[in-house]
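Please have a look at the structure before I go on.

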Amino acid sequence: MHYSNLPSMIFQPFSNKTAIVTGSGNGIGYAIAEHLIREGANVIVNDVNPKAAAQAALKLNKATDAKLAHAYPGDAGDVDFIRKMVDFAAEIPNSRLEMVVANAGLTEFGDFFEFTPESFEKVVNLNLRGTFFLAQAAAAKMKEQGSGGNIVLIGSNVGARAYNNLAAYGMSKAGISMLAKQLTLPLGPLGISINCVSPGATLTERTMEEEPDYAGIWAMLNPNGKVGKPEDVAATVGFLLRPVSRHITGQTLLVDGGWTSYAPSPDFFDKVREGMPKMGQTEGPEIKETEPDEEPNDRSQPEATLNGIKVVA
């Protein structure tokens, strides 16, 4: 569920401000775009699929009774495209580019020993290269404007904790979290804050297609008993883009229902079931019954001395 049925807020902290949200044709990116539009921002709706970007922008404008969504399709991992998109965003009339959300990313599962260079390049080019150069181009524009700004990078809970068959993806997301820390040094003096939001398992169109009981599985795994929703991530991003969060920078905020603090991954239970012996097939150690006249504990026991006191193990 998105915000479509909610009334527009009277207070709009992002009026006359422009935000770029990559990968916003659907899912988490779409929810972020909608959240920002409802708070008054012009939003550049980016998706690699031109149809998805156009449909998302049209849907957003209808849902919010505004014309604040601007479709700009293209590959968010292509540096030339990124620079053109930033220039386009900076030219929106009566608005200033002050917010960027590097949301576009690629998840590629694969066994570590069989992962190909081609798959590795796809993951790294979009997740790391695209994020890095979007932050660079947007920060350069903010520096030129002299108005400061806010950048939010979208990481993942898999960047904070290992997950089977996601070595390249997890590495890329951990790198994004570190990038947010590194860029506090050049961007802080310019009045630009940068943070990372790392979602956990989130119920989107894609995840529901991959696993029909996605919500049920993750509600069981997460300590808070719930699966994440795109609005949870959108609200967190919106907070970090607001002026009230101006003293928060270089941080990674996990939005995962507590999963990284405690819970196992979905394949944990499969491993447990596979490793459990079937009923009736266990062979325990032989237990010898003690005769009544025997004294099983009547034997010498190891002793040690601790600070002059005799201790029996």
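Let me begin with a definition: on a 1 Å grid over the protein atoms alone, a cavity is a set of points where a 1.4 Å probe fits but cannot get out, whereas a pocket is an open set with protein on both sides within 12 Å along at least five of seven lines, and lining residues have an atom within 4 Å of a point. Grid points are joined across faces, edges and corners, and a volume is the space filled by probe spheres set on the points.

This is a predicted model, in which local features need pLDDT of at least 70 and side-chain atom pairs count only at pLDDT 80 or more, while totals for chains, interfaces and linings use all residues. Residues are numbered from 1 along each chain as its sequence is written, and side-chain values use heavy atoms, with hydrogens and water left out.

The structure holds one cavity of 30 Å³ or more, and the largest cavity has a volume of about 50 Å³. Its lining includes Thr22, Ala76, Asn103, Leu126, Gly130 and Leu134, and the largest share, four residues, comes from α4; helices here are DSSP runs of H or I with at least four residues, strands are runs of E with at least two, and both are numbered from the N terminus. By class, that lining divides into five nonpolar, four polar and no charged residues, where Ala, Val, Leu, Ile, Met, Phe, Trp, Tyr, Cys and Pro count as nonpolar, Asp, Glu, Lys and Arg as charged, and the others, Gly among them, as polar.

The second largest pocket has a volume of about 270 Å³. Of the 17 residues that line this pocket, Gly149, Asn150, Gly191, Ser193 and Arg246 lie nearest its centre, and the elements giving two or more residues to the lining are β4 (96-102), β5 (149-154) and β6 (192-199). The lining of this pocket has four nonpolar, nine polar and four charged residues.

Now back to helix α4, where Val123 is found. Is Val123 buried or exposed? Val123 counts as buried because its relative accessibility is 0%, buried meaning under 20% relative accessible area, exposed over 50%, and partly exposed in between, with a 1.4 Å probe and protein chains only. Not counting residues up to four places away in sequence, Val123 touches Leu106, Phe115 and Tyr169, among others, contact meaning heavy atoms within 4.5 Å.
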